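Have the sequence and the 3D view open as you read.

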Amino acid sequence: MQIGVIGLGHMGGNISRRLMKAGHQCVVFDANATPREELAKEGATAVGSLEMVVKALGEKPRAVWVMLPAGRITEETVERLGGLLEADDIVVDGGNSYYKDDIRRAKKLAEKRIRYVDCGTSGGVWGIERGYCMMIGGSKEAADRLDPIFAALAPGLGDIPRTPGRENHDPRAERGYVHAGPNGAGHFVKMVHNGIEYGMMEAYAEGFEILRKKDSEDLPADERFALNMPDIAEVWRRGSVISSWLLDLGAAALAKDGSLSGFSGFVQDSGEGRWTIEAAIEEAVPADVLSSALYARFRSREEHTFGEKLLSAMRFGFGGHIEGNEPIDPQPNPAKAQAHAE
């Protein structure tokens, strides 16, 4: 299948590579010429503008995947594509847009009979090897049309044990992607996913902070333990009920530097955590843990604890997020890591 990919950063470039590896044809564009040129060498058709993307897509109805930061740049790109594409063409927003923006954009494009798909995409910098977990919003017709694309990007069944009792359920979920519902549903599910991610990461950070401070001079001498953080993280990865890919990433960072001295402890939030709390308020749903995790990130920008450095390490591990004085690359090996859910 032929598809345009706009935005060739950490994820957009690797999405193109994974699609090409599966035999799909990618027409790629980024404002920066360097990633365009790199992908051209790997077999993509690189072009210099949105107009050229649309022109180069000879297979109709056309499909264009937008992989840009949420906000103005995505808004402007989708609007411009709406003026370039034709009826039955599909625009996919694979970034982290606010789900209410998706609903509005879909309605506007529908006036021109252009179909819109919001695809919450999880996998970070390791998606090219591990595959991407995708939560898709839009019409069934548009989702079905793009199924070969989603199937190529998804992790597949892998070696994760199958869930008993799923025989009569949608098999796509087992392969790592799901049609969540109408426009907005994909990014809404991904938004809550990221809110949960905040909570999980904060739980690890607080736990390791408690372990590390067990050697505090404020405690009685016989109650002080000098605990080995890298070893504890490693043993918890092996059969523990709190094992996860996030713990894998934290363990990899601790193995390289048990004090995490290369991390500042400054932890950014990308927006989904805030939107998740807003949704909880709208629905009158208590979200104590997720709210606390979000506020902890705000606090991290004022003072930096060991736990917050672990948060930075995990964010760098799965998404390449640069926050303060980070090390260049903790290089966890996803091919050797246990296959846990993100």
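Predicted model: local features only at pLDDT ≥ 70, side-chain atom pairs only at ≥ 80, totals over all residues.

Helix H10 gives the largest share of the lining of the largest cavity, 3 residues. Helices here are DSSP runs (H or I) of at least four residues and strands are DSSP runs (E) of at least two, numbered from the N terminus. A cavity is a set of points on a 1 Å grid, laid over the protein atoms alone, where a 1.4 Å probe fits but cannot get out; lining residues have an atom within 4 Å of a point. H10 and helix H13 (272–283) are the elements that give two or more residues to this lining. The lining residues are Gly-95, Asn-96, Ser-97, His-187, Lys-190, Met-191, Glu-272 and Trp-275. By class they comprise 2 nonpolar, 4 polar and 2 charged residues, where Ala, Val, Leu, Ile, Met, Phe, Trp, Tyr, Cys and Pro count as nonpolar, Asp, Glu, Lys and Arg as charged, and the others, Gly among them, as polar.

The volume of the largest cavity is about 40 Å³, and searching the whole structure turns up 1 cavity of 30 Å³ or more. Volume here is the space filled by probe spheres set on the points, with grid points joined across faces, edges and corners.

Residues are numbered from 1 along each chain as its sequence is written, and side-chain values use heavy atoms, with hydrogens and water left out.

The average pLDDT (the predictor's confidence in each residue, from 0 to 100) is 92, and 94% of the residues score at least 70. Over residues 325–342, pLDDT stays under 50.

## The largest pocket

Now for the open space. A pocket is an open set of grid points with protein on both sides within 12 Å along at least five of seven lines. The largest pocket has a volume of about 970 Å³. Of its 43 lining residues, Met-11, Leu-68, Pro-69, Ala-70 and Asn-96 are the closest to its centre.

H10 supplies the largest share of this lining too, with 5 residues. Elements that each supply at least two residues include helix H1 (10–21), strand S6 (115–122) and helix H15 (306–319). The lining divides into 14 nonpolar, 20 polar and 9 charged residues.

## The sheet and its helices

An open, mixed sheet is formed by 8 strands in the order S3-S2-S1-S4-S5-S6-S7-S8; strands pair if DSSP finds at least two bridges between them. Strand S3 (45–46) and strand S8 (177–181) are the edges, each pairing on one side only. Strand S7 (residues 133–137) runs parallel to S8, joined by 4 bridges.

H10 lies across strand S5 (90–93), S6, S7 and S8, running at about 15 degrees to S6. Such angles run from 0 to 180 degrees between N-to-C directions, with axes fitted to C-alpha atoms, for helices over the stretch in contact; contact means heavy atoms within 4.5 Å.

## Two backbone details

Most residues other than glycine have a negative phi, and most peptide bonds are trans. Lys-60 and Pro-61 are joined by a cis peptide bond, with omega about -5 degrees. Leu-260, although not a glycine, has a positive phi of about 55 degrees.
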